[in-house]
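Please take a moment with the sequence and the model before reading on. The paragraphs below go from one element to the whole chain and then to single residues.

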Amino acid sequence: MKRRHFLLTLTLPLAGCGFQLRGTQRIPYRSVYVQAPDHESAIVRLLQQTLKDNQVTLGPSAREAEAVLILSQERKNRTILALSGGGRVREYRLNYAINYSLNDRDGKTIYPDSLIQLTRDFTYDDNLYLAKNAEEAFLYRDLEEDAVQQIMRRLRSTH
């Protein structure tokens, strides 16, 4: 009984102030064509799946879709952040960048060319070569997922 009273006491002020969960915001396009130099890249597949999950049809061509999402350049690299006293790498920074823009089916710019840049740092140990390579692949996948979420937020805010 006390627990119910406690929960009621916590939730009533939120209800009284007009608080509502944001919910999901829909993308204002029924169909989107994804144009990329490499249609088999991981980010293209991830972006297409995310669009489908948001009830957006993937257009078969740029002319048949309401909007054309153009992924123009994707770059991945790593830089050394720290070395040990013996000159061995101890820490890397993974860099991920992608350029994208959004046009309508007639080529008119809806959202101009933009750049997403993301980084992740990770420690490195030569003795754990296979594990660290797997970690690096996982972190790049995480960077791609973050980039897709940023693109999706931008798509939701257009129109």
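Helix α3 has 29 residues, which at 1.5 Å a residue should span 42 Å, and its end C-alpha atoms, 42 Å apart, agree with that expectation; the expected span is taken as 1.5 Å times one less than the number of residues. Helices here are DSSP runs of H or I with at least four residues, strands are runs of E with at least two, and both are numbered from the N terminus. This is a predicted model, in which local features need pLDDT of at least 70 and side-chain atom pairs count only at pLDDT 80 or more, while totals for chains, interfaces and linings use all residues. Residues are numbered from 1 along each chain as its sequence is written, and side-chain values use heavy atoms, with hydrogens and water left out.

Which residues of α3 are buried? They are Lys132, Glu136, Leu139, Tyr140, Leu143, Glu144, Ala147, Val148, Ile151, Met152, Leu155 and Arg156, where buried means under 20% relative accessible area, exposed means over 50%, and partly exposed lies in between, with a 1.4 Å probe and protein chains only. An α-helix has 3.6 residues a turn, so residues three or four places apart point the same way. The cover over the buried residues of α3 includes α2, β3 (67-83), β4 (89-104) and β5 (109-123).

One of these covering elements, helix α2 (residues 42-53), packs against α3 (residues 129-157) at an angle of about 45°, with the two axes 10 Å apart. That angle makes α2 oblique to α3, since angles under 35 degrees count as roughly parallel, over 145 as roughly antiparallel, 65 to 115 as roughly perpendicular, and the rest as oblique. The axes are lines fitted to C-alpha atoms, for helices over the stretch in contact, and the angles run from 0 to 180 degrees between N-to-C directions. The crossing of α2 past α3 is right-handed, a term used when the near helix is turned clockwise from the far one by less than a right angle. From α2, Ala42, Ile43, Leu46, Leu47, Thr50 and Leu51 meet a set of α3 residues that includes Arg141, Glu144, Ala147, Val148, Ile151, Met152 and Leu155, contact being heavy atoms within 4.5 Å. By class, this contact has 10 nonpolar, 2 polar and 3 charged residues, with Ala, Val, Leu, Ile, Met, Phe, Trp, Tyr, Cys and Pro counted as nonpolar, Asp, Glu, Lys and Arg as charged, and the others, Gly among them, as polar.

Turning to the whole protein chain, its secondary structure comes to 3 helices and 5 strands, which follow the pattern α-β-α-β-β-β-β-α along the sequence. Of its 159 residues, 34% are buried. Among contacts with a separation of 6 or more, 67% are between residues 24 or more positions apart.

Some single residues illustrate such separations. Beyond its neighbours within four places in sequence, Arg75 is in contact with Asn95, Tyr96, Ala97, Asn99 and Leu115.

The loop between β2 (57-58) and β3 holds Pro60 and also Glu64. Pro60 is exposed, at a relative accessible area of 62%, and Glu64 is exposed at 53%. From C-alpha to C-alpha, Pro60 is 9.3 Å from Ser31, and Glu64 is 8.1 Å from Tyr33. Leaving aside neighbours within four places in sequence, Glu64 is in contact with Ser31 and Arg105.

Finally, Gln55 lies in the loop between α2 and β2 and is exposed at 54% relative accessibility. Most residues other than glycine have a negative phi, whereas Gln55, which is not a glycine, has a positive phi of about 55°.
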